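Q: I have a chain loaded and a few things to check before I use it. Can we go through it residue by residue where needed?

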Amino acid sequence: MDWDDQIQVREYHRRWRAKNKEKYNALGKKWKNANKDKLKEHFNKYRQSPKGIKMRRIHGWRQQGIKCDGEWDELYEWYQTTTNCNICGASFQDVKRCLDHDHTIEGYNVRQVLCYSCNQFHNEL
């Protein structure tokens, strides 16, 4: 099957789904009910994978209202590659790390990566 045929098949399926929305949704629900264990196993594997961990972390930051000027991938990479607390120098192999950010009306801009203890102390100032 060449590229043009694939595009035509996708377009046909897209139109069919739009035309038969209720039937399509019913088929999806039927499949989900028949494959609950398979789906649960798939999502558990994904959550434990590096990509799943990364997506959950970024989602949590967004839920907290943290702003990212650049790319979320770059922020996550910086967060992951920082090995020591920016204040006390504690190794992140031994302690929990946190993103230190501004708490302002405009949003939460990231400043640095801190250990949990320094972050708690810094927030009390």
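Q: Is R57 buried, exposed or partly exposed?
A: R57 has a relative accessible area of 37%, so it counts as partly exposed. Bear in mind that this is a predicted model.

Q: Where does R57 lie?
A: R57 is in helix α4.

Q: Which residues of α4 are buried?
A: G52, I58 and W61 are the buried ones in α4.

Q: What is the end-to-end reach of α4, from first C-alpha to last?
A: α4 reaches 21 Å with its 15 residues, close to the 21 Å expected at 1.5 Å a residue. Just after α4, G65 has a positive phi of about 90 degrees.

Q: Buried or exposed?
A: W72 is at 17% relative accessibility, and the cut-off for buried is under 20%, so W72 counts as buried.

Q: What is W72 in contact with, leaving aside neighbours within four places?
A: I58, W61, R62 and I66. I58 and W61 are also on the list of buried residues in α4. R62 is 10 residues from W72 in sequence, and their C-alpha atoms are 9.6 Å apart.

Q: Back to helix packing. At what angle do α3 and α4 pack?
A: About 75 degrees, and the axes are 4 Å apart. Angles of 65 to 115 degrees count as roughly perpendicular, so α3 and α4 fall in that class.

Q: Which residues make that contact?
A: From α3, Y46, R47 and Q48. From α4, P50, K51, G52, I53, M55 and R56.

Q: How many of them are nonpolar, polar and charged?
A: The contact of α3 with α4 has four nonpolar, two polar and three charged residues.

Q: What span should α2 have, and how far apart are its end C-alpha atoms?
A: Helix α2 runs over residues 21–34 and should span 20 Å at 1.5 Å a residue. Its end C-alpha atoms are 20 Å apart, which agrees.

Q: New topic, cysteines. How many disulfides?
A: The count is zero. C85 is in no disulfide, and the nearest cysteine sulfur is that of C118, 3.8 Å away. The cut-off for a disulfide is 2.5 Å between sulfur atoms.

Q: Last, the whole chain. How many helices and strands?
A: The protein chain has six helices and three strands. In sequence order the pattern is α-α-α-α-β-α-β-β-α.

Q: What share of the chain is buried?
A: Of the 125 residues, 20% are buried.

Q: And what share of the contacts joins residues at least 24 apart?
A: Taking contacts between residues at least 6 apart in sequence, 30% join residues at least 24 apart.

Key. Residues numbered from 1 in each chain as written. Predicted model: local features only at pLDDT ≥ 70, side-chain atom pairs only at ≥ 80, totals over all residues. Heavy atoms only, no water. Axes fitted to C-alpha atoms, helices over the stretch in contact; angles between N-to-C directions. Helix = DSSP H or I, 4+ residues; strand = E, 2+ residues; numbered from the N terminus. Parallel < 35°, antiparallel > 145°, perpendicular 65-115°, else oblique. Contact = heavy atoms within 4.5 Å. Nonpolar A, V, L, I, M, F, W, Y, C, P; charged D, E, K, R; others polar. Expected span 1.5 Å × (residues − 1). Buried < 20%, exposed > 50% of the residue type's maximum accessible area, 1.4 Å probe, protein only.
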